[in-house]
Amino acid sequence: MAKGLLVTYALWAVGGPAGLHHLYLGRDSHALLWMLTLGGGGLGWLCEFWKLPSFVAQANRAQGQRQSPRGVTPPLSPIRFAAQVIVGIYFGLVALISLSSMVNFYIVALPLAVGLGVLLVAAVGNQTSDFKNTLGAAFLTSPIFYGRPIAILPISVAASITAQKHRRYKALVVPEPLSVRLYRLGLAYLAFTGPLAYSALCNTAATLSYVAETLGSFLNWFSFFPLLGRLMEFVLLLPYRIWRLLMGDTGFNSSYFQEWEKLYEFVHSFQDEKRQLAYQVLGLSEGATNEEIHRSYRELVKVWHPDHNLDQTEEAQRHFLEIQAAYEVLSQPRKPRGSWR
């Protein structure tokens with residue numbers, strides 16, 4: 001059955017951020033992407049207004065095709081590449097918030113989450129990429145930055161480059177019933193939101209700490225690029241600003257710094273608590289010198305190294321990772337309170 005442009009526009013207006021129009025056009029990957037990002041933060045949804053006719057034409061053309069193009073590589077798209085990197089980082093940040101307590105998180109869960117985010121964007125429309133090679137690039141990059149939140153960025157870039165290198169057109173398949181497609185989308189949505197919802201509802205304090213820690217690490221990436229830092233401030237505050245505008249708040253245009261100050265103070269409070277816990281893990285008092293921190297770290301690493309505790313491997317590994325994390329926190333110079341602003 002041919003797809004109608006008016007129906008597509010109606011679904012775009014009613015449930016665009018949830019991807020209803022993409023579901024109608026058979027673009028399930030795009031629908032899932034919009035479900036997980038709320039229409040690309042709303043910006044992607046608005047920008048689609050002018051692209052809907054081409055989406056409808058593509059869907060109708062796909063119904064009339066008997067076979068997919070063979071031996072033809074899709075053109076390189078800088079926009080798709082940038083979207084892959086951004087969504088890969090987004091998936092990594094969500095995993096860092098909800099799954100970072102897992103054993104071997106930086107080896108298994110993080111590269112898997114980032115790689116799946118990149119593959120989701122690669123599968124939008126009539127294109128796709130190689131599953132094994134893209135995930136392989138993510139898993140090979142992860143150990144290089146083991147234990148550091150900044151690993152999300154190089155993993156996403158490496159996976160995106162690999163996905164672009166192996167891009168191809170999708171093979172034509174027999175259309176599936178809507179119930180099967182909804183079932184598959186529902187499972188994918190639950191797999192993404194389930195761990196995050198569990199962390200938020202059952203371990204609220206730890207989740208808030210992870211959010212603050214992740215946000216702080218994310219902002220630190222842009223400390224050497226003031227313009228990018230300001231852009232990220234704008235993006236982070238955009239949903240809140242839109243909400244205030246829709247609510248008719250008269251102070252919308254005059255309180256930018258007050259909004260950021262509240263967010264900054266929230267993050268900074270958890271960063272202080274994190275340093276205090278790091279001192280406790282290393283058995284030091286607050287304000288210890290770098291030499292004392294390094295000496296305590298070396299002694300504790302020798303005591304709790306898994307190779308020296310074969311009779312209690314799990315406990316030794318947990319202590320060993322805690323010691324490494326505490327040392328990394330205290331090794332970073334403490335930034336002045338205005339450095340993120």
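Is S129 buried or exposed? I opened the notebook with this residue, working from a predicted model.

**Entry 1: S129**

I found S129 in the loop between β1 (127–128) and α8 (131–141). Its relative accessible area is 5%, so S129 is buried. I then looked for what the side chain of S129 reaches, and found the backbone oxygen of A163 at 2.8 Å. Leaving out residues up to four places away in sequence, I listed A122, T134, T162, A163, H166, R167 and R168 as the residues that S129 touches.

**Entry 2: the whole chain**

I noted 15 helices and two strands for the chain. The chain has 341 residues, and 38% of them count as buried. I looked up the accessible surface, which comes to about 19,900 Å², with 65% of it belonging to carbon and sulfur atoms. For contacts in the chain with a separation of 6 or more, I recorded that 69% are between residues 24 or more positions apart.

**Entry 3: the largest nonpolar core**

Which residues touch the most other members of the largest nonpolar core? I wrote down L33, L36, F91 and L120, out of 21 residues in this core. The helices α3 (28–41), α5 (52–64), α6 (78–99), α7 (105–122) and α10 (178–202) each supply at least two residues of the core. The largest share, five residues, comes from α3. I also checked the domains: domain 1 (1–66) and domain 2 (74–175) each give at least three residues to this core.

I followed L33 further. Setting aside neighbours within four places in sequence, L33 is in contact with V87, L120, V121 and V124. I then noted a second, separate core of 19 residues, which includes A109, L110, A122 and I152.

**Entry 4: L38**

I placed L38 in helix α3. L38 is not a glycine, yet its phi is positive, at about 55 degrees. For background, most residues other than glycine have a negative phi. Is L38 buried or exposed? Its relative accessibility is 59%, and because exposed means over 50%, L38 counts as exposed.

I looked up A188 in helix α10. With a relative accessible area of 26%, A188 is partly exposed. A188 and L32 are 156 residues apart in sequence, and I read 7.9 Å between their C-alpha atoms.

The other pair was L172 and A62, which are 110 residues apart along the chain, with their C-alpha atoms separated by 8.1 Å. L172 lies in the loop between β2 (168–169) and α10. I noted L172 as partly exposed, at a relative accessible area of 35%.

**Entry 5: the UniProt record**

Where does UniProt place the feature "transmembrane region"? The unreviewed entry gives residues 6–25, 32–52, 79–98, 105–124, 144–161, 182–201 and 221–240. I checked two of these spans against the model. Residues 79–98 are 100% helix and 0% strand, with end C-alpha atoms 29 Å apart. Residues 105–124 are 90% helix and 0% strand, and here the end C-alpha atoms are 28 Å apart.

Note on methods:
Residues numbered from 1 in each chain as written. Predicted model: local features only at pLDDT ≥ 70, side-chain atom pairs only at ≥ 80, totals over all residues. Heavy atoms only, no water. Core = buried A, V, L, I, M, F, W, Y, C linked by side-chain atoms within 4.5 Å. Buried < 20%, exposed > 50% of the residue type's maximum accessible area, 1.4 Å probe, protein only. Helix = DSSP H or I, 4+ residues; strand = E, 2+ residues; numbered from the N terminus. Domains from an automatic or database assignment. Contact = heavy atoms within 4.5 Å. UniProt positions renumbered as here; feature names shortened; annotations may be inferred. Areas by Shrake-Rupley, 256 points an atom, 1.4 Å probe, with all protein chains shown as cover. Polar contact = N/O pair within 3.5 Å; in protein donor to acceptor, adjacent residues only side chain to side chain.
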